[in-house]
Amino acid sequence: ERIAKGSKSFAGAARLFDANTRASAFMLYAWCRHCDDEIDGQVLGYGRQTNRRPPAEVLAELRAKTIAATQGTASEPIYIGLQRVVHKHAIPAAHPEELIRGMEMDVEMETAGRRYQSHDEMLEYCYHVAGCVGVMMAMVMGTTDKAILRRASDLGIAFQLTNIARDVVPDAREGRFYLPSDRMAAHGLTEQNLSAPENRARVFAATQELLDDAERYYASAQAGLPHLPFRSAWAVAAARRVYRDIGGIVRQRGAAAWDVRASTSQLRKIGGVALAGIDAARTRGQGRGATLGDSLRAGLWTPASLK
């Protein structure tokens, strides 16, 4: 229920996993969705509660229950699911805790006015809220090689860059600013004028740069597909195509990109899944010995835990 209602794009891709991988992916997703909803005061990514508990209190509870799960003492279904996943796939406790750090960064934005001054600071945030999830998902698929985990991180970062581009204007209306301050300044944007209709062309110019960045991470992630089992490679390729398509829709709309929230139709999702099957099939000829040298990632941001 959580994955079906909380992320239709990911739900469609997850159906391509084999049964065991899918079960772990669902449990991991449920925990991620729960953490996100608790921090934002939402239900499955929608709405916002008016009588929210203090964010710091929620964050402390999420952290304590997550640590309990990684230590094998969880007592609630969501956390028991996480506990099973980290135990079955030998996921280090550091990775779930990285996601909680991402939640903390959101709390700092809401309560202390945290801002990202540079591109690297924004990428660090992207890793903590999405890249580390990619790493955990890769481990669920049987990967432990750091070179491949870096590609999984790259895909998560690409997803989050796409999210930021899609929601930059509505986020600004709610006081959330993920575009780095230096990039905003380069386009004559400030927190006060970013959401103003007359500045849509400037916002679009900044967003195009963000989507260009995302393309580099999407390309890097593609190189990891030969190292995954076929059904996992297909699922990852499908998620990559569907999410990348959202960025394409933003580009096509130009300055009107935020008149209606960008999303892909069911037909486009089906087409993306079909094409992803071809993507995955083509990687089979490369084999798991395909090159993953870091030269292929030149200039891309890498978290300290994966260096």
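This is a predicted model: local features need pLDDT of at least 70, side-chain atom pairs count only at pLDDT 80 or more; totals for chains, interfaces and linings use all residues.
Along the principal axes, the C-alpha atoms occupy a box of roughly 50 × 45 × 40 Å. The radius of gyration is 19 Å, which agrees with the value near 19 Å for a compact globule of 307 residues. Of these 307 residues, 54% are buried. Among contacts with a separation of 6 or more, 72% are between residues 24 or more positions apart.

The accessible surface amounts to about 13,500 Å², and carbon and sulfur atoms contribute 53% of that area. There are 40 positive and 34 negative side chains, with the centres of the two sets 7 Å apart.

Across the whole structure, 22 salt bridges are found. One of them joins Glu38 and Arg53, with 3.7 Å between the closest N and O atoms. Glu38 sits in helix H3 (residues 19-40) and Arg53 in the loop between H3 and helix H4 (55-70), 15 residues apart. Glu38 counts as partly exposed because its relative accessibility is 28%; Arg53, at 32%, is also partly exposed. Both belong to a network of salt bridges that also includes Glu57, Glu61, Lys65 and Glu76.

A salt bridge between Arg63 and Glu104 has an N to O distance of 3.2 Å. Arg63 is in helix H4 and Glu104 in helix H6 (residues 94-112), so this pair ties together parts 41 residues apart in sequence. Arg63 is partly exposed, at 29% relative accessibility.

Glu108 and Arg114 form another salt bridge, at 2.7 Å between the closest N and O atoms. Glu108 is partly exposed at 23%, and Arg114 is partly exposed at 23%.

Technical notes:
Residues are numbered from 1 along each chain as its sequence is written. Side-chain values use heavy atoms; hydrogens and water are left out. The radius of gyration is taken over C-alpha atoms; the globule rule is 2.2 Å times the number of residues to the power 0.38. Buried means under 20% relative accessible area, exposed over 50%, partly exposed in between (1.4 Å probe, protein chains only). Contact means heavy atoms within 4.5 Å. Accessible areas come from the Shrake-Rupley method with a 1.4 Å probe; for residues, only the protein chains shown count as cover. Lys and Arg count as positive and Asp and Glu as negative; His and the chain ends are not counted. The place of a charge is taken as NZ of Lys, CZ of Arg, CG of Asp or CD of Glu. A salt bridge is a side-chain nitrogen of Lys or Arg within 4 Å of a carboxyl oxygen of Asp or Glu. Helices (H or I, at least four residues) and strands (E, at least two) are DSSP runs, numbered from the N terminus.
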